[in-house]
Structure formats: structure tokens, C-alpha cells
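Hi there,

Here is the structure I promised to pass on to you. Have a look at it first, and then read my notes below.

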Amino acid sequence: MKISSPRLLSIDVFRAITMLLMIFVNDAGGVHHIPEWIDHAQANEDRLGFADTIFPAFLFIVGLSLPLAIENRRNKQHSFARIALYILSRSLALIVMGFFHVNGEHYNNDALLPRSVWTILLTISFFIIWLDYPKTLSKNKKYPLIGSGILLLLLLAFLYKGGSPESPHGLQTHWWGILGIIGWAYLVCALIFLLVQGELLLLTIALAILVIINLATHAGWWHVHLPVIGDASSASLVMMGTVASVAYRKLVAKNAYTKVWLFFITAGMLLIAAGFFVRPYAGGISKIYATPAWVFICAGISLLVFTFIVWLVDVKGKYHWFNIIRPAGTSTLTCYLLPYILYSLYALANVYYPRFMNEGIAGIVRSLLLAFIIVIITGWLEKKRIRLKV
């Protein structure tokens with residue numbers, strides 16, 4: 001199958017909204033006395049908070065974007081091996097960043113560098129290594145810069161100390177972090193897409209297999225931990241987005257928008273219904289445990305939201321409504337990393353919010369304003385050609 005791969009503005013808008021909300025819910029997690037429905041559900045709760053829908057939406061969007069990126073390279077006559085290397089390099093970048101971020105959560109205050117300094121330097125190393133360097137920059141300048149970023153990253157790995165003062169340790173594998181989870185899921189789904197050459201039927205079969213693995217794991221049908229795939233929850237969400245993207249482009253190529261609304265709205269509602277159906281049999285609804293009910297319900301919500309954005313942006317042409325948050329959709333990784341620098345600067349300068357901004361409505365407004373400020377800074381950096389590209 002070979003379909004032209006124009007950039008879909010609806011995906012950019014969906015990604016921008018999701019990134020804005022991710023920054024918001026991450027910051028709001030530190031606000032006291034906010035409505036329960038906004039925050040993450042606890043591990044022992046069988047429910048879904050608003051914050052629990054944001055990360056799966058991002059995984060779904062990774063799947064939406066995946067066919068466009070790979071088909072674009074195929075249209076440029078890139079070989080199978082070259083595209084596979086591209087997939088591996090993108091995955092490795094995300095996994096490495098996620099690995100370091102998770103270790104940052106276990107940072108030892110007795111380490112040589114203060115945690116805030118280590119985090120800022122870590123983020124700078126990410127920018128130096130994976131910066132979207134201008135094509136006009138010579139290799140003699142580009143590769144030494146990338147090499148210096150790698151050396152800085154290795155130095156930070158050497159200086160890292162985690163654990164407690166009584167039991168310190170170096171870098172360790174804990175969980176993979178948000179970026180690492182995305183990296184592993186992208187690796188699985190992108191390689192499947194490449195191997196089956198984007199054929200919708202084969203992608204649907206792959207999705208069914210991933211969903212069955214997730215169900216079997218949480219329903220106790222088997223007790224096998226698969227390397228890379230794990231319980232297949234994240235890969236299932238990415239593959240659902242991939243299938244939706246391929247189906248959408250096939251229908252749009254035929255100008256069959258009526259079928260888009262019919263199929264996607266029906267599929268979204270069925271996914272939500274399936275989530276509630278399996279809820280009693282496979283661990284309830286839990287983002288922490290990545291249960292099938294959580295996967296199905298969040299995928300259904302994401303598909304319905306995407307369908308609405310398609311209508312609003314691709315059909316009605318309202319992309320300009322989202323200009324203020326556009327950088328969150330086009331420089332998404334940059335936007336995600338900036339709060340790490342901001343919070344570290346707060347810590348170094350001993351800056352704290354007034355008490356009234358740490359609770360209730362005022363705290364929610366603070367988190368929302370912070371999210372917009374981060375997006376605006378991302379846009380300013382984008383104009384200066386300072387953005388990550390993996």
C-alpha cells in the first residue's frame with residue numbers, strides 16, 4: 001500500500017492540546033484540594049481521573065503520526081534498512097531520555113551535583129544531542145556538537161548517585177518513564193507497520209494480538225512477561241492510533257467523510273463499552289496497572305476526540321483557532337522537557353508559590369497558566385530553531 005503522506009493538521013492540533021494538558025495535569029498533581037475527578041486515580045481505586053486519560057491520548061497520537069512519518073520516507077525511496085534504522089534511532093532516543101528521567105526521581109542528595117543542576121545539565125545534553133540542526137550546518141560543526149552532548153551525558157551518568165545515603169547506587173533500571181514507554185511502544189508498532197507495509201488488515205490483526213496479550217495478562221490467563229512488549233497496553237494504544245490513521249487516510253482518499261464519522265464514532269463508543277464490559281474481569285479501570293478497561297476506554301475517548309478535531313480542523317478549516325498552542329504540536333518534545341528546567345531553576349533559586357496558589361481553584365489556574373507559558377516559550381525557541389527532533 002502506498003498513500004501520499006501530507007501533514008495532517010488535525011493530528012498537530014490533537015497533539016498540541018494533549019501536550020498542553022499533560023503539562024497542566026503534571027503540575028496540578030502538586031496542587032492540594034483540587035476536585036478528585038481532575039487528578040490521577042490511586043493504584044487501589046477502580047476509576048478513571050481526567051489526568052489518567054492524557055498519557056494514553058498521547059500514545060494514541062504517536063500511532064496516528066507513525067504511518068505518516070514512515071510513508072514519507074518510503075515515498076522518498078528510502079530502503080527498508082534505512083527506515084528500520086530511523087525507527088531504532090528514534091526509539092533509542094526516547095528510551096535513553098526516559099531512563100535518565102526515572103533515575104532522576106531516585107537522585108541522592110549526597111551526590112556531587114545538586115539534583116537541580118544535574119537535571120538542567122541533563123536536559124541541555126538532550127538538546128545538544130537531538131537538536132534539529134539546520135541543514136546548512138556543516139558536518140564538521142554538527143558532529144562535534146553532538147559528540148559534546150554525548151560526552152556530557154556520559155559524564156552525568158558517571159556523576160549520578162541514587163538511592164539513600166545509607167545505600168547509594170548508580171544508574172538503574174526502574175520503570176522506563178513516560179518517554180521510555182513511548183519509545184518501546186513506538187519501536188514495536190513502527191516495526192510491525194514497516195514489516196506489513198502498512199496493510200490495514202494486517203495491522204488490525206496485529207492490534208488484535210496486542211489486545212489479547214493485554215487481556216490475557218490482566219485476566220490471569222497466563223503469567224508470561226514478554227520482553228519489550230510487556231503487557232502490551234502501551235503498544236495496543238499506539239497500534240489503535242496507527243489503525244485509525246491508516247483507515248482515515250484511505251477513507252479521505254475516497255472523499256468518504258460520511259464513513260469517517262460513522263466508523264470512527266461507532267468504533268469509539270464500542271471501545272468505551274468494551275472497557276466497561278471487561279472491567280470486572282481484568283483488574284478494573286487502572287492507569288497505574290495499565291488494565292484493559294483503561295486501554296479500551298481511553299482509546300475510545302481519544303478516537304472520539306480525534307474525530308471531532310478532524311471535523312473542526314480538516315473539514316471546517318479552524319486550524320487558526322489553535323495558533324496559540326501550535327508549538328506544543330510541532331515541537332512537542334521540546335515542550336515536554338522545558339518544565340524539567342523550569343522546576344530545577346525554581347529549586348536553585350528557592351522560589352515557591354504563595355500558599356493560595358498551591359490549592360483549590362487558584363492552584364488549578366496557576367497550573368493552566370504555567371502550561372500556556374511553557375507552550376509560548378516553546379514557540380519562541382522554535383522561531384530561534386531551537387527544537388528537538390527524534
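**What I found**

Let's start with Leu-337: setting aside neighbours within four places in sequence, its contacts (heavy atoms within 4.5 Å) are Met-97, His-101, Thr-123, Phe-126, Phe-127, Leu-179 and Leu-388. Please keep in mind that this is a predicted model, where local features need pLDDT of at least 70, side-chain atom pairs count only at pLDDT 80 or more, and totals for chains, interfaces and linings use all residues. Residues are numbered from 1 along each chain as its sequence is written, and side-chain values use heavy atoms, with hydrogens and water left out.

Leu-337 is also among the residues with the most contacts inside the largest nonpolar core, along with Ile-87, Phe-126 and Met-240. That core has 118 residues; a nonpolar core is a set of buried Ala, Val, Leu, Ile, Met, Phe, Trp, Tyr and Cys residues joined through side-chain atoms within 4.5 Å. Buried means under 20% relative accessible area (1.4 Å probe, protein chains only).

How many disulfides does the structure hold? There are zero, a disulfide being a pair of cysteine sulfur atoms within 2.5 Å. For Cys-189, the closest cysteine sulfur is in Cys-298, 16 Å away, which is too far for a bond. Cys-189 is buried, at 0% relative accessible area, and Cys-335 is buried with a value of 0% too.

Finally, the confidence: pLDDT (the predictor's confidence in each residue, from 0 to 100) averages 94 over the protein chain, and 98% of the residues score at least 70. Over residues 1-6, pLDDT is below 50.

Enjoy exploring!

Definitions and conventions. Buried means under 20% relative accessible area, exposed over 50%, partly exposed in between (1.4 Å probe, protein chains only).
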